[in-house]
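Subject: A structure for you to look at

Hi,

Here is the structure I promised to pass on, with its sequence. Have a look at it first, and then read my notes below.

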Amino acid sequence: MKILPQPVPGSGPLKIGPQVRAGSGSDRGGSEVVPGTSTQTTRLVLRIVAEQAGPEGVSRVLGHAGLHDQQVALRTVGGRISYTDKIRLFDAAAAELGDPRLGLRLGPALMEDPAAAPMRVLARAFGSPAALIRRISRLSTRFDTACVLRCEWVQSGAAVVGWRALRPHRPSRADCDYTIGLIAQIPVVFGLPPARVDHGVICQLNGASECIYHLAWTEPPVSRVRNMLRRFTGAERGLGRESSAEHRLRVLEGAASELVSTAPLEALLDRIATRADSVVHAPGHLLAVRLPAGGRHIRVRGTGEALAAALADDGTALNLTDSALVELPVLSVPVASATHHYGVLAAVAHSGQEFFPDDTDTLAAYARHAAAVLDSAGLLAEARENGETSELLLDVARALAEGSTVKTVAGVVADAVPTLSGATRSAVALWDADAGELRIAGLSGWHGELAEKAVDYMTTAQESPELSELLRNGAPLLVNRNGSDWAKSVLADFDLSAFAAIPIMAGDQLTGIVLAYWADGRAPERLEGALTKRLTGLACLATVALDNIRLLEDARRQALHDSLTGLPNRALLEDRLEASLAKAGRDGRRVGLLFCDVNRFKRINDSLGHGAGDRVLRHVANQLQSAVRTSDTVARYSGDEFVILLPDLESEAEAEYLAARVRASLTESLEINGTNIFVDVAIGTSVSGALPHESTDTQSEAARLLIEEADLQMYRSKARARGQRPPAKSKDSLRLETELRGAAGRGELRVHYQPQIHVATNEIVAAEALVRWQHPELGLLPPGEFIPLAEESNLITEVGAYVLTEACRAGAGWRAAGHDIEISVNVSAAQLDSTEFTAFVRDTLNRTKFPAAALILEVTESQAVSEASMNDGILRRLRSLGIGISVDDFGTGYSSLAQLHRLPVTEVKIDRSFTTRLGEEGSAAFIAGIVGLGHGLGLRVVAEGVETRGQFDALRAMGCERVQGYLFGKPVEASVLEDLLGVPVLDPARG
């Protein structure tokens, strides 16, 4: 940043200070080089390097790029670095990873970066890929002011975009690839597949003046219609306003923090000019002000010298028609408060770049805050000569910074008025523009009946000429007995001789009044000098404090979003669900819900900390949003539960399709503190019009039923994933849970065994141990009736220990009788999570004399993969004992070859849902693929659910080693199974 030394003709002395630079450049006449590349880009590069090469790789890249001292800043979101540093980092990262086209990977990485969510929201506000590309230079300026990205031509589904690096910068292959990767992701922002980008030969690296990219993307007809409707209904404008309001709130909060600063004036001006870049990012900025005490101050940042050259003769206004600004985009706003016009704050971009429509309002809001800062700074500078006043204003500023409600702020300001002005009493009144009423919000020095009367006092501009004057000109005024009839009446009713009214202004709008009352003859004859300055400064403090609190209260009133994920919360979801049901009833359509519960979330929290849990929730929120349609609503319902509202469905199949997309979106791992976590969700689906007894009198009741059904289906989905019978709603669940405690000790648990057949010999070579509960009143209960209760109530460890012990004891007996048989036992996540489980298994094998090599522990596919980061260690310890590890229900959990390869697995079991579909089109090829996958990894393949000879023959032809199902026998007691050992179960000669 520069403090210009040259005077402005005809405008008096110019106050200057020491030069401060943000980059290199000449003292005069040149364009100072400033950091223009967002660190959003560098954090993506470093994240990719960390994922592939680890922390050591990141360190090497920073060292080769000469950026070790900036490693913290390079990982932030709102920082800036120079274009040269960016290219050095690109080149170092590409060399480290051996990937010269690294830039192509940054676009997809940006779509997954939670920190880029505000930028994606801003982009999504344009409504469609075509609309975003049409104004692409606006968004590109946010990433890099050293380059220009422009739209040459666009229509629905196709576009031509140009990109060039501005002099003196040289284009690079990495930056060209980065641009390709970014623009390819534009349709992804709107829920569409990435664009196809054809660069061709027109490239700066080939000597062309700019790079030309041809984009093509697939946009379904329904999206085009929806985009047209969005433009007509103004939805795009609404989203833009919401994003702008959120941005403005952050700016105002930052500006308010400046008000409590006691920094010297020169440092304060430097800070105002520097912060302008965080408010509206641009290659150059200018702050030119004249202070009431005399002297002008000019601050220039980057290419802002072009703005300085266009200053008018008074040195505090811009001549926008000046030749220095031809073809340059410029934003210019006044720096003015209710009492002073200080000058101008401006931003300038390169030719071809654009600002966002709301940037003017944002910069203007910041300039008003800057003016309030200068008001306060001026007042504080004067007040330093008066110790008592200085301390009071500082105390007020500190107290206002801590205020969280309008009432608190009004009270703090009212309490400060008597000391500052010598008034007998004081008040703060707030103006309600919508109602046209002025009401008291805070009082000081009032007592008894007068206090009660003052609290309830209200007036209007029609009643009060003085209030009407304040609304009209916004200037402080003194009201005494020479005023209007209204003024005389107020003075008499409240036993006053005079009062001063200092407006609290937001821009040019009255928001309130600081009132100083005198009840004796010591009232001033007019407002001037120190009195006016002190009360005006106090009103400036009140302006910023009330402005911030109003914005915060507006946010609270609109608090329909989850603070952690930014998603709609439960209240907003239910409101939208009821509206969707009402609309669906009119249109003859259907509404669906996906109730999603993050599996094993508590264990993630307990194992890795709540910070990791928060990252998981944000990751899931982002993935769910990326998987659904733009018309759908993803909401955080509670804790680790998310609900997706699917309006305007034609059939239940659409809901199931979207559920599959949600599952697929969570197949990639999430890295937390160097640990890869695989996260998945259990999903329950419900669709309106598909529920029994769904007809209700109210939409709220229909919404409740739909949510309850989806919730129930989610729990059933969890049970199926564990290989259990889905639970039904039961009023006796609490009773069963209570009676299950101690069932093993009372001898009520039974272990049955289902044979596994060796395909080549048709003999029983293994048996799966399955538990039953011989309830004294309800009879023999299958596992689906009580295992979910055992898992929820932490009884599963007791039940699992009993099953494992009994199975090993039975297996040892059979082997002693000469039967070389293996035993499979299902293991729950809770058992794997116990640090004592490995020791228990070892002790059980020793006590029962059952060989470890003959024991197979079964874990579900989703459990094995999702828990790999946390229980991979225990699985390996179990495998080191010689025990086999089997992945149960394989094919249902979306695991990949790489994931399976990392686990100590010896066997996979094909889920019965695939086996039973043998004979359907495509099913045989799918199962054959699983068999081939297993064999390729050196794993044994077992098929469950075999019920027909045709299924058996097909599996044998595929090379499946073992089969299990009702064709060979249901689960039976140990004594029954022993009679079958050593005898062929299926006659191979039978057809």
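Let's begin with Leu705, which counts as partly exposed because its relative accessibility is 21%, and buried would need a value under 20%. Keep in mind that this is a predicted model, so please read every number here as computed from that model. You will find Leu705 in helix α24, which covers residues 699-721. If you look for Ser686, it sits 19 residues away from Leu705 along the chain, and the C-alpha atoms of the two are separated by 9.4 Å.

Next, some helix packing. Helix α1 (residues 39-65) packs against helix α2 (residues 83-97) at an angle of about 85°, and their axes are 9 Å apart. Since angles of 65 to 115 degrees count that way, α1 is roughly perpendicular to α2. Sorted by class, the residues of this contact are 13 nonpolar, five polar and four charged.

On the α2 side, Tyr83, Lys86, Ile87 and Phe90 meet Ala174, Asp175 and Tyr178 of α7. That contact has five nonpolar residues, two charged ones and no polar ones.

What does helix α7 (residues 173-184) lie across? The answer is β5, β6, β7 and β8, and the helix runs at about 25° to β8. These strands form an open sheet of four, in the order β5-β6-β8-β7, with antiparallel pairing. At the edges are β5 (147-155) and β7 (196-198), each of which pairs on one side only. From one strand to the next, the twist averages 25°. Inside the sheet, β6 (residues 158-165) and β8 (residues 211-216) are joined by six bridges in the antiparallel sense, and Ala159 stands opposite Leu215 in β8.

Now on to another strand. Is β18 (residues 509-518) mostly buried or exposed? Nine of its ten residues are buried, so β18 is largely enclosed by the rest of the structure. One of its partners is β13 (residues 425-432), which runs antiparallel to β18 and is joined to it by six bridges; here Leu430 has Gly512 as its bridge partner. Strand β17 (residues 498-506) also pairs with β18 in the antiparallel sense, over nine bridges, and Ile502 stands opposite Val514. The hairpin of β17 and β18 has two residues between the strands, and Gly507 there takes a positive phi near 70°.

Finally, the nonpolar cores. The largest has 70 residues, and the ones that touch the most other members are Tyr753, Val825, Leu855, Leu857, Leu878 and Val963. Helix α27 (residues 796-816) gives the most to this core, with nine residues.

Happy exploring, and write back with any questions!

Best wishes

Technical notes. Residues numbered from 1 in each chain as written. Predicted model: local features only at pLDDT ≥ 70, side-chain atom pairs only at ≥ 80, totals over all residues. Heavy atoms only, no water. Axes fitted to C-alpha atoms, helices over the stretch in contact; angles between N-to-C directions. Parallel < 35°, antiparallel > 145°, perpendicular 65-115°, else oblique. Nonpolar A, V, L, I, M, F, W, Y, C, P; charged D, E, K, R; others polar. Core = buried A, V, L, I, M, F, W, Y, C linked by side-chain atoms within 4.5 Å. Buried < 20%, exposed > 50% of the residue type's maximum accessible area, 1.4 Å probe, protein only. Pairing = 2+ DSSP bridges. Contact = heavy atoms within 4.5 Å.
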